[in-house]
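Subject: Structure for your review

Dear colleague,

Please find below the structure that I am handing over to you. I would be grateful if you would look through it alongside the notes that follow.

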Amino acid sequence: MQLSGMSSIQSLGPSRLFWRVGSAIVLLALGIIGIDFLLTVYGNYHQLDPAAYAMFWARRGWLWTHLAGGALTIILGLIQFLTQWPRAYSRLHRWTGRVYMTSMLIACVGATGLIATSPAPFAIRAAFAATALAWLTTALIGVIAIRGRRVPSHRRWMVRNYLVTLAPITFRALIKVPGMMELAPPPVMIPILLWLSWLLPLLICEGGYRIVDRAGLRPSNSFKPKPLRGSA
Ligand code: HEM
């Protein structure tokens, strides 16, 4: 068992080994951060209490819709990245992908209801709307890419999409940066941080892709989609 494990590790080239180990570390970190965020959300809203819901009490229907879809996207997104390579998972990957997209649409319906009923200033509502647009756009381009059987492009657009999924987690992290909220009053800082919560990860990701492309460190493309129903 151990020997075959060693030989399979040795058979990986340095570039693939780099990708496997790097991906495993990133996914583990994301899993821990994502579960911690969802436990906090559950802690805040599991009790039907107007005090705990604060400004969301009157709009709890939209919040629940949003949270149901949003929580699923965080969990299913992780499963998608765990099952992206091996051929054995291709059916699971397709079905999880469909449920992920449906969950995202449900979360967006909830987000639209929350934006429409929010007493927050226009700049904050506009920042949320831009986030929703980025979420839908990256998913749409990712779906178009896989329907055109462009696997590397699909993979990159779904990574971008998941970075937008993680925007509420990034937002909370940015708010907690010491001194951040003292830079300007909350009506100015909150919309800025809402924009940064997805633009910053996307910019860092694009920087990473540039480096990978220039250094020729692309991961191997072992996952080949089966022909789509009705296609040649
Ligand atoms: C990425 C696209 C997303 C958009 C555009 C979005 C939009 C919104 C909006 C408009 C609100 C209400 C804000 C207000 O009325 O002041 C909200 C609240 C909230 N959203 Fe999202 N959201 C997104 C993703 C997610 C995800 C993936 C989750 C995960 C569960 C999530 C969890 C929450 C929570 C917990 C709240 C309540 C406020 C809080 O306790 O922090 N959101 N979101």
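Predicted model: local features only at pLDDT ≥ 70, side-chain atom pairs only at ≥ 80, totals over all residues.

Overall fold

The chain contains 9 helices and 0 strands, and along the sequence its pattern reads α-α-α-α-α-α-α-α-α. Of the 232 residues in the chain, 21% are buried. Among contacts between residues at least 6 apart in sequence, 68% link residues at least 24 apart.

Helix α5

Helix α5 is made up of 28 residues. From its first C-alpha to its last it reaches 41 Å, close to the 40 Å expected at 1.5 Å a residue. Its buried residues are H93, G97, Y100, S103, M104, A107, C108, G110 and A111. These buried residues of α5 pack against α4 and α6.

Helix α7

Helix α7 covers residues 151-165. At 1.5 Å a residue, its 15 residues should span 21 Å, and this agrees with the 21 Å that separates its end C-alpha atoms. Because 11 of the 15 residues of α7 are buried, the helix is largely enclosed by the rest of the structure. The buried residues are H154, R155, W157, M158, V159, R160, N161, Y162, L163, V164 and T165. What covers them includes α4 (60-82), α6 (122-147), α8 (167-175) and α9 (186-215).

Surroundings of the ligand

Which of the 22 residues around the ligand come nearest? They are G70, A111, S118, F128 and A132. The elements that give two or more residues to this shell are α2 (14-45), α4, α5 (90-117), α6, α7 and α8. The largest share, 6 residues, comes from α4.

Points to follow in the viewer

W157 is one of the buried residues of α7, a helix that gives two or more residues to the shell around the ligand.

With kind regards

Terms used: Residues numbered from 1 in each chain as written. Helix = DSSP H or I, 4+ residues; strand = E, 2+ residues; numbered from the N terminus. Expected span 1.5 Å × (residues − 1). Buried ≥ 20, exposed ≤ 12 C-beta atoms within 10 Å, placed from the backbone. Contact = placed C-beta atoms within 7 Å. Near = placed C-beta within 6 Å.
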